[in-house]
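Subject: The model we talked about

Hello,

Here is the structure I promised to pass on.

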Amino acid sequence: MGLLMAAFLLFFMDKVWQWELRFWFMMIFSFMSLSFLKVDRKSLFFFFFFFDKVSSVLILLSFWTSGLMMLASYNSVKSVNNKVSFFSFCVLILCFVVVGFFLLENLLLFYLFFEMSLIPTLLLILSWGYQPERLQAGMYMMLYTISASLPLLLCILLLCSSNGSFSMSMYVYMWIMNMDMYWFFGLLFAFLVKLPIYFFHLWLPKAHVEAPISGSMILASVLLKLGGYGVMRFVSLFKFISGYYMVLLIVVCLWGGLLTSVICVGQSDMESLIAYSSIGHMAVMLVGLMSGFIVGLEGALLMMVCHGLCSSGLFCVGNLIYEKINSRSLFLCGGMINFNPVMSLLMFLLCICNMGAPPFVNLISEIMLYISMFMYSLYLLFFIVMMVFMGGLYNLIFYVTIHHGQIMSFMKIMVVNTSGENLLLLLHILPLLLFMMNVGYISKMWF
């Protein structure tokens with residue numbers, strides 16, 4: 001906590017060194033927060049803050065991605081002097097709000113920080129987005145998330161007025177009666193829209209397409225995890241696993257995951273394709289979480305971390321291609337492996353990571369989630385097989401369309417990657433490889 005308080009000095013630094021100091025703070029602090037992973041106890045309490053192994057992994061992911069956001073935006077913000085100080089301020093505020101959300105134990109503050117994360121994200125989309133449609137994307141995002149979170153606020157106030165406490169640790173030891181379907185959807189609906197599940201996902205592809213690279217990275221890697229973390233906490237707090245309405249939610253998630261995989265195969269816009277694949281991955285993650293098995297919970301947390309790094313890396317690749325050929329259309333790409341073989345290799349690694357192939361830790365997370373789905377019901381085997389097939393199909397189409405085939409005439413002027421761009425992609429890939437060394441850490445979460 002002392003380090004977090006000391007970091008507030010970064011808000012008042014001289015403008016000349018603001019960008020560098022804020023970037024290095026987030027990268028160094030992400031290395032320092034590796035020590036959080038060694039917390040031996042079940043959890044630690046400090047006034048309003050609650051810290052355990054689940055939140056420690058997601059805090060580490062938040063700091064790491066926030067640093068990479070500034071590295072990815074160097075060409076589009078820092079080099080052209082495009083509101084540099086305001087940009088780094090937005091990234092820093094967003095990082096602190098997200099870390100606060102993962103640490104808070106008070107239900108009302110938990111809700112407040114959940115909503116506050118929208119404001120810096122909206123500023124990133126509106127100030128540094130690519131096209132005039134970013135206004136519509138920002139409106140979509142605000143309307144969906146705020147209207148869905150009003151029932152959550154109402155439910156929290158009703159719970160706390162009847163039980164006399166805003167503390168989550170009190171609800172762990174209480175079995176609250178009459179938690180029926182209305183309570184279930186009231187408490188979880190805001191998180192389900194944030195994930196998002198199918199039927200409430202329309203804001204996500206829109207926001208991704210119109211957002212700058214930093215906005216897409218933080219949306220994919222951290223803000224989607226706010227929903228998963230909230231569901232994980234509330235399902236265990238209010239004992240929702242035994243409800244019959246869980247079956248309805250599992251069917252919606254799997255059907256939506258299958259449909260979004262089919263949509264990905266037919267996409268021509270790179271960022272839309274990656275955004276729809278995120279919806280499919282989060283659907284599988286939620287089913288594993290709702291199955292009630294420990295292997296599903298562990299797989300869901302591992303999927304959140306893996307997807308955060310992998311999806312963020314794919315958005316970086318999409319942005320690098322956009323900067324080189326000024327288009328996100330797959331139809332205008334082809335033969336890029338001849339001009340940029342290093343980026344072709346790095347993109348191949350990210351694509352096989354996204355489909356859950358070895359040697360990446362995504363494979364372990366998907367196997368754990370599919371085991372929990374199979375244990376829940378034999379009928380889910382159809383969805384498992386189809387989603388594995390479709391996941392491999394759209395990732396291979398994505399890679400082959402860009403890097404193989406006929407060379408477009410305008411590719412002759414394309415420049416190769418700089419060392420900073422290669423470093424950015426490697427910093428997404430290396431943690432996914434290195435986490436395989438300590439994948440047993442996940443099995444210590446709930447014991």
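Below is what I found in it, starting with the whole chain and moving on to single residues.

First, how to read the values. This is a predicted model, in which local features need pLDDT of at least 70 and side-chain atom pairs count only at pLDDT 80 or more, while totals for chains, interfaces and linings use all residues. Residues are numbered from 1 along each chain as its sequence is written, and side-chain values use heavy atoms, with hydrogens and water left out.

The overall picture

The protein chain has 19 helices and two strands; these are DSSP runs numbered from the N terminus, with helices being H or I of at least four residues and strands being E of at least two. Of its 447 residues, 59% count as buried, where buried means under 20% relative accessible area, exposed over 50% and partly exposed in between (1.4 Å probe, protein chains only). The accessible surface is about 17900 Å², and 74% of that belongs to carbon and sulfur atoms; areas come from the Shrake-Rupley method with a 1.4 Å probe, and for residues only the protein chains shown count as cover. Among contacts (heavy atoms within 4.5 Å) between residues at least 6 apart in sequence, 83% join residues at least 24 apart.

Salt bridges

Side chains of opposite charge can pair when their charged atoms come close. Here a salt bridge is a side-chain nitrogen of Lys or Arg within 4 Å of a carboxyl oxygen of Asp or Glu, and the count comes to four. Three of them are worth a look in your viewer:

- Glu 20 and Lys 78 meet at 3.5 Å, N to O. Glu 20 lies in helix α2 and Lys 78 in helix α4, so the pair ties together parts that are 58 residues apart in sequence. Glu 20 is partly exposed at 25% relative accessible area, and Lys 78 is partly exposed at 22%.
- Asp 52 and Arg 233 have their closest N and O atoms 3.0 Å apart. Because Asp 52 sits in strand β2 and Arg 233 in helix α12, this bridge ties together parts 181 residues apart in sequence. Asp 52 is buried at 9%, and Arg 233 is buried at 11%.
- Glu 421 pairs with Lys 324, with 3.3 Å between the closest N and O atoms. This pair links helix α19 to helix α15, 97 residues apart, and both residues are buried.

In helix α16, you will find Asn 354, which is buried at 4% relative accessible area. Leaving aside neighbours within four places in sequence, the contacts of Asn 354 include Ser 277, His 281 and Tyr 394.

Finally, Leu 426, Leu 430, Leu 433, Leu 434 and Met 437 make a nonpolar surface patch of about 470 Å². Patches are made of residues with over 30% relative accessible area and no salt bridge, with like charges joined within 9 Å and nonpolar side chains (Val, Leu, Ile, Met, Phe, Trp, Tyr) within 5 Å. Leu 434, in helix α19, is exposed at 52%.

Best wishes
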